[in-house]
Amino acid sequence: MAWALKLPLTDEVIESGLAQDFDASLSGIGQELGAGAYSMSDVLALPIFKQEESNLPPDNDSKILPFQYVLCAATSPAVKLHDETLTYLNQGQSYEIRMLDNRKIGELPELNGKMVKSIIRVVFHDRRLQYTEHQQLEGWRWNRPGDRILDLDIPMSVGIIDPRANPTQLNTVEFLWDPSKRTSVFIQVHCISTEFTMRKHGGEKGVPFRIQIDTFNENENGEYTEHLHSASCQVKVFKPKGADRKQKTDREKMEKRTPQEKEKYQPSYETTILTECSPWPEVTYVNNSPTPSFNSTHNTFPVAEGNGSPNHQPEPVIPAADNLLPTATPQDAQQWLHRNRFSPFCRLFTNFSGADLLKLTRDDVIQICGPADGIRLFNALKGRVVRPRLTIYVCQESQQAWEQQPKHENGDAAANTFFVYHAIYLEELTATEMTEKIAQLFNISPRQINQIFKQGPTGIHVLVSDEMIQNFQDEVCFVLDTMKDDTNDGYHIILK
């Protein structure tokens with residue numbers, strides 16, 4: 001019985017010891033959580049507070065970040081803690097980017113009193129699209145002729161000097177600015193994220209873009225090539241007011257989450273801090289394939305000169321169609337589709353080579369692309385060229401070549417005359433168009449041709465009008481004679 005009575009005492013001792021150990025453990029935790037253990041800088045270093053300086057170098061890094069760029073647009077609240085911030089923008093709306101001098105006193109004194117050059121770009125965030133960026137932008141160019149992806153709102157900008165927008169780089173703008181003065185640049189993004197998605201049937205997610213700023217210092221030769229700083233942020237662009245609706249939707253979704261779930265997400269910041277990144281590589285794209293453009297090349301041969309041989313004098317012909325060859329690779333086929341304004345269907349034909357596309361029947365193409373675009377694509381694949389409304393053949397009178405033939409039995413010398421004619425193709429059937437085509441043939445300015453006459457009965461000169469051209473027979477032949485105008489440096493053209 002004595003042993004049985006001692007057992008409860010042993011339990012009490014054990015329980016007492018456990019309680020003391022637990023109290024000691026709590027005491028230790030309290031000491032670790034004391035005021036001296038955590039500082040405000042440690043709290044701000046948590047991922048939730050690191051949005052404004054997420055990519056800054058650590059304290060032991062001697063690297064200097066001379067500038068900071070702030071996009072005045074709110075970040076999305078639906079971004080997880082360790083992910084990069086995401087900002088929604090409206091298409092065509094002006095957004096301010098503040099260019100801030102981040103140098104401490106005495107740092108980078110070589111920048112004092114000098115201008116720096118900044119280049120702003122809108123580029124793809126996804127690596128997959130970065131590899132085909134040139135093709136994507138070229139396709140956008142031909143779908144939106146005359147538009148730019150990125151523009152500067154110069155009237156609203158402050159402190160920028162010599163703003164420039166290269167016509168061949170639709171997604172890039174550049175300017176000079178003085179870091180010692182207040183500088184704000186307002187930008188407008190005109191493309192929307194859904195223009196580069198795989199399918200376009202409505203409701204699809206848009207691809208994210210990056211706004212990147214690269215800043216350069218002037219070198220000894222006066223060129224801005226010395227890289228100083230680069231930073232970027234992730235954005236999505238919506239149709240007008242679409243960004244506001246998306247921001248509101250994200251905010252309402254977050255309000256419905258539990259407090260525990262909200263802790264996994266970043267708060268929405270009123271502004272977006274561009275974080276440090278690598279400078280954007282300067283890539284020179286070389287496109288060996290012809291791109292869609294107006295045929296502005298002039299004939300390089302003067303009609304009044306030459307040996308009169310058809311084998312040595314090229315004739316102007318209808319501009320050659322950009323025909324797709326069976327040997328074209330899938331990449332070549334994609335470029336051909338872009339050049340011929342079939343960009344919306346490029347992703348449908350991603351793996352199609354030239355031979356694959358050429359094997360499609362008319363019904364196949366119409367079923368894939370719809371009636372309007374299908375017929376257009378089928379005609380383009382088959383290389384069908386639209387004939388001009390009127391073709392005339394002309395030859396300059398001085399361009400005659402005489403071939404003396406052997407004498408006949410009667411002793412007379414026979415001469416065989418032939419002319420080298422050049423084709424002129426007319427679409428508008430106007431005198432102005434004909435003047436331009438003849439000027440192109442002569443390699444002169446149309447202003448040097450004062451009037452065009454047609455030699456009529458008894459040698460009279462009849463002024464060529466639009467109505468006369470509309471009544472020309474197709475493939476009619478004329479010999480051109482030129483007559484100097486005594487009143488100026490121009491010429492009169494006579495059709496014989």
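**Entry 1: ground rules.** I count two strands as paired if DSSP finds at least two bridges between them. Helices (H or I, at least four residues) and strands (E, at least two) are DSSP runs, numbered from the N terminus. The model is predicted, so I noted that local features need pLDDT of at least 70, that side-chain atom pairs count only at pLDDT 80 or more, and that totals for chains, interfaces and linings use all residues. Residues are numbered from 1 along each chain as its sequence is written, and side-chain values use heavy atoms, with hydrogens and water left out.

**Entry 2: totals.** I looked up the secondary structure and found twelve helices and 20 strands in the chain. The chain has 496 residues, and 37% of them are buried. Buried means under 20% relative accessible area, exposed over 50%, and partly exposed in between (1.4 Å probe, protein chains only). I then checked contacts, meaning heavy atoms within 4.5 Å. Of those between residues at least 6 apart in sequence, 68% join residues at least 24 apart. The accessible surface is about 30,100 Å², with 52% of it on carbon and sulfur atoms. That area comes from the Shrake-Rupley method with a 1.4 Å probe; for residues, only the protein chains shown count as cover.

Entry 3: I traced an open sheet of five strands, order 5-8-3-1-11, with antiparallel pairing. Strand 5 (150-152) and strand 11 (272-273) are the edges; each has a single partner strand, so one side of each lacks a neighbour in the sheet.

Strand 3 (residues 95-101) and strand 8 (residues 183-189) run antiparallel, joined by five bridges. Here R98 sits opposite S184 in strand 8. Strand 1 also pairs with strand 3 in the antiparallel sense, again over five bridges. Q68 faces L100 of strand 3 across that pairing. On its other pairing, strand 1 meets strand 11 antiparallel over two bridges, and L71 stands opposite T272.

How many residues of strand 1 are buried? In strand 1 (residues 67-71), four of the five are, so I logged this strand as mostly covered.

**Entry 4: cysteines.** I searched the whole structure for disulfides and got zero. The criterion is a pair of cysteine sulfur atoms within 2.5 Å.
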